[in-house]
Amino acid sequence: MSYPCEIKEQASQPTLVVRTRAAVQDLPQVLGRCYGSVFGYLGQLGQQPAGPPFMGYFNMDMQDLDLEIGVPVAQELPGQGEVQPSRLPGGMVATCLYTGPYPEMGPAYDALTRFIEDNGRQPAGPVYEIYVNDPTTTPPEQLQTLILFQLA
């Protein structure tokens with residue numbers, strides 16, 4: 001399978017997120033709750049997301065993941081309760097577009113890690129998954145996820 005990777009510069013983007021911790025096996029329930037909070041609050045504000053939802057991983061401890069779950073927004077917005085403002089980072093990033101079921105993303109991560117090393121770069125900071133299409137209406141084999149590593 002092919003994993004298209006690239007290095008590019010990206011602008012910082014305001015977001016609304018829920019920062020939480022969870023074990024990997026609990027992610028489906030945690031994601032549902034957090035996205036529900038974010039989208040509910042956006043609705044209260046009369047705002048729409050400015051792009052697809054994402055999840056940021058601040059560590060890779062599968063039993064105690066430190067996560068940021070949210071959506072980009074067009075402008076800085078205030079937080080409320082567990083929903084708080086944040087930003088997707090700007091600067092140089094390496095990306096890989098993965099197509100397929102979420103649980104089978106491992107080889108795309110491996111390809112992106114090799115691509116970064118082959119280009120003499122170093123990852124730095126959180127890793128983001130941007131969910132390009134909707135898992136409630138897209139068959140698992142057609143799901144697209146943009147994996148994004150910040151670069152030092």
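Leaving aside neighbours within four places in sequence, Leu27 is in contact (heavy atoms within 4.5 Å) with Ala22, Met55, Tyr57, Leu65 and Leu67. The model is a predicted one, in which local features need pLDDT of at least 70 and side-chain atom pairs count only at pLDDT 80 or more, while totals for chains, interfaces and linings use all residues. Residues are numbered from 1 along each chain as its sequence is written, and side-chain values use heavy atoms, with hydrogens and water left out.

Leu27 is found in helix α1; helices (H or I, at least four residues) and strands (E, at least two) are DSSP runs, numbered from the N terminus. Leu27 counts as buried because its relative accessible area is 9%, where buried means under 20%, exposed over 50% and partly exposed in between (1.4 Å probe, protein chains only). Leu27 and Leu65 are 38 residues apart along the chain, and their C-alpha atoms are separated by 9.4 Å.

Helix α1 also holds Val30, which is buried at 13% relative accessibility. Not counting residues up to four places away in sequence, Val30 touches Thr20, Ala22 and Ile69.

Asp66 has its place in strand β4 (residues 65-72). With a relative accessible area of 14%, Asp66 is buried. Apart from residues up to four places away in sequence, Asp66 touches Arg19, Thr20, Arg21, Gly56, Tyr57, Phe58 and Asn59. Two of these residues, Arg19 and Phe58, take part in a further arrangement: the charged end of Arg19 sits over the ring of Phe58, 3.7 Å from its centre. A charge sits over a ring if NZ of Lys or CZ of Arg is within 6 Å of the ring centre and within 35 degrees of the ring normal.

Aromatic pairs were searched for next. A pair of aromatic rings is described by the distance of the centres and the angle of the planes. Rings of Phe, Tyr and Trp (its six-membered ring) pair if their centres lie within 6.5 Å; planes under 30 degrees apart count as stacked, over 60 as edge-to-face and the rest as tilted. Five aromatic pairs are found in the whole structure. One of them is the edge-to-face pair of Phe54 and Tyr128, at 6.0 Å centre to centre and 65° between the planes. Phe54 lies in strand β3 and Tyr128 in strand β7, so this pair ties together parts that are 74 residues apart in sequence. Phe54 and Tyr128 are both buried. Tyr102 and Tyr131 also form an edge-to-face pair, with 5.4 Å centre to centre and 70° between the planes. This second pair links distant parts of the chain, 29 residues apart: Tyr102 is in the loop between β6 (91-99) and α2, and Tyr131 is in strand β7. Tyr102 is partly exposed, with a relative accessible area of 28%, whereas Tyr131 is buried, at 9%.

Both tyrosines of this pair are in contact with Thr145. Thr145 is placed in strand β8 and counts as buried, at 0% relative accessibility. Its contacts, neighbours within four places in sequence aside, are Cys96, Leu97, Tyr98, Tyr102, Met105, Glu129, Ile130 and Tyr131.

Pockets were examined last. On a 1 Å grid over the protein atoms alone, a pocket is an open set of points where a 1.4 Å probe fits, with protein on both sides within 12 Å along at least five of seven lines; lining residues have an atom within 4 Å of a point. Grid points are joined across faces, edges and corners, and a volume is the space filled by probe spheres set on the points. The largest pocket has a volume of about 610 Å³. It is lined by 24 residues, of which Leu31, Met55, Tyr102, Glu129 and Tyr131 are the closest to its centre. The elements giving two or more residues to this lining are α1 (27-45), β3 (54-57), α2 (106-118) and β7 (123-131). Among the elements, α1 gives the most, with four residues. By class, the lining of the largest pocket has 19 nonpolar, three polar and two charged residues (Ala, Val, Leu, Ile, Met, Phe, Trp, Tyr, Cys and Pro count as nonpolar, Asp, Glu, Lys and Arg as charged, and the others, Gly among them, as polar).
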